[in-house]
Amino acid sequence: MAIVDRNVTPPRPDSTPAHSEIAPRSAASGNTSRVRQIMSQIPGPLIGLIVIVVALSFLSPYFLTPRNLLNILSQVSAVGVMSVGALLIILLGGIDLSVGSVLALSSMSMAAMYKMAGWPFEVALVAGLLVGALVGLINGILTAYGKLQPFIATLATMSAAAGLALFITNGNPITGFPDWFVAITATSLLGIPIEGVILVAIFAIAAFWLKFRPSGRALYAIGGNEEVARLSGLPVRRAKILVYTIAGILAAVAGLLVTSRLDSAQPTAGAADLLNVIAVVVIGGASLAGGSGSLLGTFVGLLIIGVLNNGMSLLNVSANLQPVVIGAVIAAAVLTDRKSSRRHT
Amino acid sequence: MTVVQTLAQTTYDGQADGDSAGLICTGLSKSYWGIPVLKGVDITLRPGSVVGLIGENGAGKSTTSSIIAGIVEANGGSMTIDGVPYEPARPSDALKNGVALIHQEIRMVPELSVAENIFIGRLPRRRGLIDRNRINDEAREYLELVGSQTDPRRPVAGLSIAAQQEIEIARALSREPKYIIFDEPSASLGQSETQHVFAQIAALRQRGVGIVYISHRLEEIKEVADTIVCLRDGALVGNWPANGITKDEMVKAMVGRDFVFSHRAPKPATDEIALSVTGLSKAGVFEGIDFDVRRGEIFGFAGLVGAGRTEVVRTIAGADQADAGKISVRGKVVYIKNPRSGIDAGIAMVPEDRKGQGLNLDRTGAENITLPWEKGLSSAGIITKKKVTATANKLRDFLDIRGRLDIPVGSLSGGNQQKVLLAKWLVNEPKVLILDEPTRGVDVGAKMTIYETIRALAETGVGVIVVSSELEEVLGLSHRVLVMSGGRQRAILDRAEATPEAVMALALSNVPREAPLESPIDGEEEFRTPIRMQEN
């Protein structure tokens, strides 16, 4: 109880005449700041999402139907899975440009091992995930040990992975996968598409890790100030390598989802996803400087992008204009982000 | 009316007799996070006078100067210049009204020339290009005004802190200000450079400029100011003519209590060895470091900045790697290859650079405190906020941290930040505690708590190493003192032998002529003159 009291009263309880005069005023301003604090707990992006959903449900009768909402969840699943990895990297103060290329490369590798090398499909699938992990590991090693700036390191792997994905079949897609694999993205579990379940599960596991596991919380410390984290005994390099590898695996998972949905591995799949992934994380309130952001925010950011794209299609907005709207939303989201007005001395 | 009364009225209580000449602040107040940091402060600054502003860290000095200079807006109160309302919304408003602030931390663009730095933001152009001849000529004039010989055409990068301070003053002068606020200009200067700044202040006063001078060094303030204003907890608690107040009275007003700062002799250490270092070397940085710290002992490291003290203790803690040498903790040889292995061996280090190496200013105090210990504090691999808060609150009481631990630690005062940093390394009791400049940028009250904590920890059997540039601090606390110069250990002195003269003589011995090992970025070229509380 004593501790709670100390939290709300202004510091320095040693009372002087000057203090007692000032006390009522300071107590009042303490209360208003409490209200402001509670208000600031509501993530800004969530308010934006609610506004967009309400607006769209008036504009289109089809928007607010269960079927359409589940459809949105399916549409965003691949970008969503990648945005989890992107958030983890951005928390560390890094960036991963290679996600889209890794998606294509792991999908093509899996398909090539299955169709061209004749491996059992299950083995090829695991190998596809390992390819994603390998590229992520290379990203991690280049940034953690090679001291390359993440932008440069992942620019290099982005280029290399995109090239390899095309090289495997000389640019041709590979089609024809087992039925059960294609069924992943065509089946529902208790009414919810399986890819949506996978997406939510990945978000939940990662959010738990970030909030409750010391190694997850360490990402905030490393992104906030790497030297402080290092002197506090946190394994900075190991954390970087781990996170880039996780992001690589998640890009490969997204590749599997896309392959399953299309029943085809495309060497240029995912090329347009990079900017969407970064947009999702940024709209979700994460700072590219590192150290701040949350998966809840990212999930809201993902829904904003998904709902907007879906709504604009329902309203027959030209596909060429849709990116313009997304661009405006990115700018608006960051401008209204209350965290950017933080002060320190 | 006597002369003294007249003086007091013209310098302080100007409004009473309706005299509105000068910069007059009335009832300035400001609060952050709902916590009032400034509570109705009145300051009157007459043309051609110097007001000394004193107070502990967190007393509101910087907030006051930021409000006057238009960097932050006050929540309440008003300001007038020569009777005209003065409401600066941004620093450029202040400059337009003739109010300039000289920052505590020098802010220069290293790659630009001296002249460009002076005229940055208002570079004169000729045919669309920067008129270099004009800025160089004008910059030279202002530099001469402050007695600087620096070539205005050279880049700022590579200039000494003292030379940069001169440029900073020249930059302020180039705005032809009527009022200048010096925010702790001497914090990064040595004795002779400080005297140089004083000469400039005297010259400015002659020209009718009104000056606010903020400093922690009370001797200095008495020397330079006409009147002295003291803040405590954001409120005005004193306003005296500078020649009518003693240092003891100022200290008393600052801390709000009778304050006797005495370095009592520490309790004797045990015979058990806490830390043993043999032949520790790092090529080009330091070599041949040999010493033992016993349990219960406070072991001081003295020497000039650049002597290699920080590098030695960083190596012991695992922040840097040694080339040779052996370290053992409580008789057991340990191999320290990174900070984690140092921590695991029971060696904790509070680094000198609080913002860059010690604390994550955007995170809460509680999160900072538990950062190195989260694995140990978690159960089944899960750590909760409750656990973090509980751990932090225990230490808050032990260290008398005043301020909330659930807000970003950057919004606490310097003294409280330092206590949070100390708390971080006391979550698990260390076997060896290394403190590098433990009271840098910390006010007198917080200093006392930190000293008491250091003694209390030593008495529980911790081996404590204190590195400090304040001679009085390192000599007052320590059982024994190791003196370094030029990357080498010169001597280990007992408490009785370690007089300031003896230590200084050793510290100055064999100092190499080449560039110092530590970068002089933090600007100390000699021992800082501490506030000596013991006199009288």
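These are my notebook entries on what I looked up in this structure, which is a predicted model.

**Chain A as a whole**

I began with chain A, where I counted 16 helices and 4 strands. Of its 345 residues, 46% count as buried. I then looked at contacts between residues at least 6 apart in sequence, and in chain A 76% of these join residues that are at least 24 apart.

Next I turned to the UniProt record, an unreviewed entry, whose annotation "transmembrane region" covers several stretches of chain A, among them residues 84–105, 274–307 and 319–336. I checked two of these stretches against the model.

**One residue in chain A**

I picked A:Ile330, which sits in helix α16 of chain A, a helix that takes in residues 322–335.

**The four-stranded sheet of chain B**

In chain B I followed an open sheet of 4 strands in the order β2-β1-β4-β5, with antiparallel pairing. Strands β2 and β5 of chain B are at the edges, and each has a single partner strand, so one side of each has no neighbour in the sheet. Strand β4 of chain B, residues 76–81, pairs with β5(B) over 2 bridges in the antiparallel sense, and I noted that the bridge partner of B:Thr80 in β5(B) is B:Pro85. Helix α2(B) packs on this sheet, where it touches β1, β2 and β4 of chain B, and its direction makes about 120° with that of β1(B).

I then went back to the pair at the other end of the order, where 7 bridges join strand β1 of chain B, residues 23–32, to β2(B), the two running antiparallel. Within this pair, B:Ile24 stands opposite B:Thr44 in β2(B). Strand β2 of chain B, residues 35–45, is mostly covered, as 9 of its 11 residues are buried.

**The six-stranded sheet of chain B**

I also traced an open sheet of 6 strands in chain B, whose order is β6-β9-β10-β3-β11-β12 and whose pairing is mixed. The edges are held by β6 (99–102) and β12 (235–241) of chain B, and each of them has a single partner strand, so one side of each is left without a neighbour in the sheet. From one strand to the next the twist averages 20°.

Strand β11 of chain B, residues 227–232, runs antiparallel to β12(B) and is joined to it by 6 bridges, and B:Cys230 stands opposite B:Gly238 in β12(B). Helix α2 of chain B, residues 61–68, came up again here, for α2(B) lies across β3, β6, β9, β10 and β11 of chain B and runs at about 150° to β9(B).

**Nonpolar cores**

The largest nonpolar core has 170 residues, and I noted B:Ile434 and B:Val464 as those with the most contacts inside it. Helix α13 of chain A, residues 236–262, gives the largest share of this core, 16 residues. I found a second, separate core of 69 residues, which includes B:Leu28, B:Tyr86, B:Ile181 and B:Met250. Not counting residues up to four places away in sequence, B:Val464 touches several others, among them B:Ile298, B:Phe299 and B:Leu433.

**Two loop residues with positive phi**

B:Glu176 has a positive phi of about 50°, and it lies in the loop between α6 and β9 of chain B. B:Glu176 has 11 C-beta neighbours inside 10 Å, and 12 or fewer make a residue exposed, so B:Glu176 counts as exposed. B:Asp400 has a positive phi of about 55° and is placed in the loop between α15 and α16 of chain B. With 16 C-beta neighbours inside 10 Å, B:Asp400 counts as partly exposed.

Conventions:
Residues are numbered from 1 along each chain as its sequence is written. Chains are lettered from A and ligands numbered from 1 in the order in which they are written. This is a predicted model: local features need pLDDT of at least 70, side-chain atom pairs count only at pLDDT 80 or more; totals for chains, interfaces and linings use all residues. A residue is buried if 20 or more other C-beta atoms lie within 10 Å of its own, exposed if 12 or fewer, and partly exposed in between; C-beta atoms are placed from the backbone. Two strands pair if DSSP finds at least two bridges between them. Axes are lines fitted to C-alpha atoms, for helices over the stretch in contact, and angles run from 0 to 180 degrees between N-to-C directions. Two residues are in contact if their C-beta atoms, placed from the backbone, lie within 7 Å. A nonpolar core is a set of buried Ala, Val, Leu, Ile, Met, Phe, Trp, Tyr and Cys residues joined through C-beta atoms within 7 Å. UniProt positions are given in the numbering used here, feature names are shortened, and annotations may be inferred rather than shown by experiment.
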